[in-house]
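Reader: Please take me through this model one feature at a time. For each, give me the general idea and then the case at hand.

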Amino acid sequence: EEEEEEEEEEEEEIYKSKSKLVITHSTGVYSHHIVWCNCPDVKKHQHLQLLKARLFPASIKWPQTAFTFDVLDHFLIDALECKTSAMSFYQKLQRFTNNAFLDQIPVSASY
């Protein structure tokens with residue numbers, strides 16, 4: 001029970017503060033600082049907040065990465081028509097983001 005309480009307190013602190021979110025769009029990969037809605041009825045539902053903003057979260061519990069529906073549509077067409085793998089598609093997005101310094105492109109919010 002103590003672990004559950006500690007985890008809930010930790011979650012609440014995360015929801016109160018700003019978060020860094022890596023957003024992958026059809027024009028590149030970007031890192032943004034966002035503030036989650038702290039309304040009582042939407043607490044602990046960050047993934048739903050992202051979906052309402054037309055962003056598809058990479059995880060449900062604590063999303064740190066999201067994809068625009070636009071980039072998902074582009075990936076679907078590339079995969080179906082050109083047989084592009086997910087890795088190749090992501091590498092293309094990295095080139096769009098910063099062709100000269102690929103190592104400076106955000107991979108996740110924690111890096």
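Author: Start with contacts, which mean heavy atoms within 4.5 Å. Leaving out residues up to four places away in sequence, Asn98 touches Gln104 and Ile105. The model is predicted: local features need pLDDT of at least 70, side-chain atom pairs count only at pLDDT 80 or more, and totals for chains, interfaces and linings use all residues. Residues are numbered from 1 along each chain as its sequence is written, and side-chain values use heavy atoms, with hydrogens and water left out.

Reader: Where is the place of Asn98, and is Asn98 buried or partly exposed?

Author: Elements are DSSP runs numbered from the N terminus, with helices (H or I) of at least four residues and strands (E) of at least two. Asn98 lies in the segment after α4. For burial, the cut-offs are under 20% relative accessible area for buried, over 50% for exposed, and partly exposed in between, with a 1.4 Å probe and protein chains only. Asn98 has a relative accessible area of 23%, so it is partly exposed. Its C-alpha atom is 8.2 Å from that of Gly28, a residue 70 places away along the chain.

Reader: How many helices and strands are there in the protein chain, and in what order do the elements run?

Author: The protein chain has four helices and four strands. Read from the N terminus, the order is α-β-β-α-β-β-α-α. Of the 111 residues, 28% are buried. The accessible surface is about 7,800 Å², and carbon and sulfur atoms account for 55% of that surface; such areas come from the Shrake-Rupley method with a 1.4 Å probe, and for residues only the protein chains shown count as cover. Among contacts between residues at least 6 apart in sequence, 45% join residues at least 24 apart.

Reader: What is the strand order in the open sheet?

Author: Two strands pair if DSSP finds at least two bridges between them. The sheet has four strands in the order β2-β1-β4-β3, and the pairing is mixed. Neighbouring strands are turned by 35° against each other on average, direction ignored; the axes are lines fitted to C-alpha atoms, for helices over the stretch in contact, and angles run from 0 to 180 degrees between N-to-C directions.

Reader: How many bridges join β1 to β2?

Author: Eight bridges join β1 (residues 18-25) to β2, and the two run antiparallel. They form a hairpin with two residues between them. Within the pair, Ile23 stands opposite Tyr30, and Leu21 has His32 as its bridge partner in β2. Ile34, also in strand β2, is in contact with Lys18, Ser19 and Leu21, leaving aside neighbours within four places in sequence. Ile34 and Lys18 are 16 residues apart in sequence, with their C-alpha atoms 5.6 Å apart.

Reader: Which helices pack on the sheet?

Author: Helix α3 (residues 69-82) touches β1, β3 and β4 (65-68), and its direction makes about 70° with that of β4. Helix α4 (residues 86-97) touches β1 and β2, at about 75° to the direction of β2.

Reader: What span should α3 have?

Author: The expected span is 1.5 Å times one less than the number of residues. With 14 residues, α3 should span 20 Å; its end C-alpha atoms are 19 Å apart, which agrees. Next comes Lys83, with a positive phi near 60°.

Reader: What does the side chain of Ser26 make a polar contact with?

Author: A polar contact is a pair of N or O atoms within 3.5 Å; within protein, one must be able to donate a hydrogen and the other to accept it, and residues adjacent in sequence count only if both atoms are side-chain atoms. Ser26 is in the loop between β1 and β2, and its side chain meets that of Asp70 at 2.6 Å. At 15% relative accessibility, Ser26 counts as buried. Beyond four places in sequence, the residues touched by Ser26 include Thr68, Leu93 and Phe96.

Reader: Which backbone nitrogen does the side chain of Gln49 reach?

Author: Gln49, in helix α2 (residues 46-52), reaches the backbone nitrogen of Cys37 at 3.0 Å. Cys37 is in the loop between β2 and α2. The two residues are twelve apart in sequence and 7.8 Å apart in space, C-alpha to C-alpha. Gln49 is buried, with a relative accessible area of 19%, whereas Cys37 is partly exposed, at 28%.
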